[in-house]
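I would like each value set against the definition behind it.

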Amino acid sequence: MKRHTIIGAKLLKGREETFSAARAIALTHHERWDGSGYPGGLKGDNIPLLGRICAVADVFDALTSERPYKTAWTPQQAFNFIKDQRGKQFDPYIADAFISCKNTIMGIYMMYRNGQYGDMQYDYLNMDDNPQGWLSWNNSLSIGIKHIDMQHKYLITIINKLYDAVESGNEANIVIPIINQLFEYGNIHFKSEEQVMRDYNYPAIESHRILHEDFINKVKSYRQLITEFPLVAIRDLLIFLREWFSRHTEKEDSKIAKYVSMASEEVQAEIGAQRKAG
Ligand SMILES: [Fe+2]
Ligand SMILES: [Fe+2]
Ligand SMILES: [Fe+2]
């Protein structure tokens with residue numbers, strides 16, 4: 001098993017910079033800061049920087065992934081492990097830098113984990129970063145966590161699309177795809193947001209979760225109504241969505257934002273204290 005580092009490096013033949021970087025990573029990503037790693041038993045700064053960076057990323061990914069011999073750790077457990085191993089298994093500065101990017105890392109984690117994001121992932125990556133229209137994005141809506149903001153922007157985009165269709169009398173053609181997108185949004189976004197609430201020990205998680213359930217049920221009932229009374233139901237759906245946005249996204253979700261910013265300061269303070277101590 002340990003030979004995968006050497007075999008990997010041998011496979012990556014090539015003179016270009018990319019290949020030499022890939023070779024360094026393959027060869028040294030299991031070296032440990034304290035010299036107890038393999039294959040070279042290199043210590044500290046003798047381990048190439050890329051190897052030290054990938055060591056942290058590789059362990060985070062391995063811990064949070066399910067394997068035949070273990071269940072997946074939660075991101076929080078993996079962050080704790082990395083913190084615990086700073087200066088032992090990992091370069092302390094890289095471990096600190098990794099932990100200070102927690103929000104960004106959680107964004108990447110939520111986007112790619114378990115393939116649960118399906119087609120929507122594509123939409124995310126190509127979506128409008130500053131949607132404007134019937135509903136508009138502004139920075140006061142930010143929760144301070146990138147992937148949640150992106151999902152909220154996505155909701156704005158969906159609602160505006162429905163509004164534009166109603167305005168141009170084209171709603172009958174797009175309402176079913178819109179309903180499907182709303183379900184997809186609900187499945188992905190609520191899961192992500194509830195995970196954030198768990199990660200930050202948000203106290204009102206249960207009542208917030210019930211509001212999310214209500215949204216899904218409401219969209220289900222609109223799906224039914226639209227088959228019976230399309231013209232009225234589509235307009236009602238539009239009003240419901242705008243109200244949801246102002247009542248839930250702007251008000252309820254911003255309460256999570258306050259919590260997250262408080263907790264992020266604590267994480268920063270902890271890192272600062274450790275720097276001083278170490
Ligand atoms: Fe490896
Ligand atoms: Fe939300
Ligand atoms: Fe929410």
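Q: What makes two residues count as being in contact?
A: Two residues are in contact if their C-beta atoms, placed from the backbone, lie within 7 Å. By that criterion Val 219, leaving aside its neighbours within four places in sequence, is in contact with Ile 179, Leu 182, Phe 183 and Gly 186. This is a predicted model, in which local features need pLDDT of at least 70 and side-chain atom pairs count only at pLDDT 80 or more, while totals for chains, interfaces and linings use all residues. Residues are numbered from 1 along each chain as its sequence is written, and chains are lettered from A and ligands numbered from 1 in the order in which they are written.

Q: Why is Val 219 called buried?
A: A residue is buried if 20 or more other C-beta atoms lie within 10 Å of its own, exposed if 12 or fewer, and partly exposed in between. Val 219, which lies in helix α10 (residues 205–228), has 20 C-beta neighbours inside 10 Å and therefore counts as buried. Helices here are DSSP runs of H or I with at least four residues, and strands are runs of E with at least two, numbered from the N terminus; the protein has eleven helices and zero strands.

Q: How do you know that the buried residues of helix α5 lie on the same side?
A: The buried residues of α5 (residues 92–100) are Ala 95, Asp 96, Phe 98 and Ile 99. They cover an arc of only 160 degrees around the axis, and so they are on the same side of α5, the arc being that of the directions from the helix axis to the C-beta atoms.

Q: Why is α2 called oblique to α3?
A: The axes of α2 (residues 17–28) and α3 (residues 49–64) come within 8 Å and cross at roughly 55 degrees. Angles under 35 degrees count as roughly parallel, over 145 as roughly antiparallel, 65 to 115 as roughly perpendicular and the rest as oblique, and therefore α2 is oblique to α3. Where they meet, Ala 21, Ala 24, Ile 25 and Thr 28 in α2 face Leu 50, Gly 51 and Cys 54 in α3 as contacts.

Q: What makes a set of residues a nonpolar core?
A: The set must consist of buried Ala, Val, Leu, Ile, Met, Phe, Trp, Tyr and Cys residues joined through C-beta atoms within 7 Å. The largest such core has 18 residues, and those with the most contacts inside it are Leu 155, Ile 158, Ile 159 and Tyr 185. Helix α8 gives the most to this core, with six residues.

Methods:
Axes are lines fitted to C-alpha atoms, for helices over the stretch in contact, and angles run from 0 to 180 degrees between N-to-C directions.
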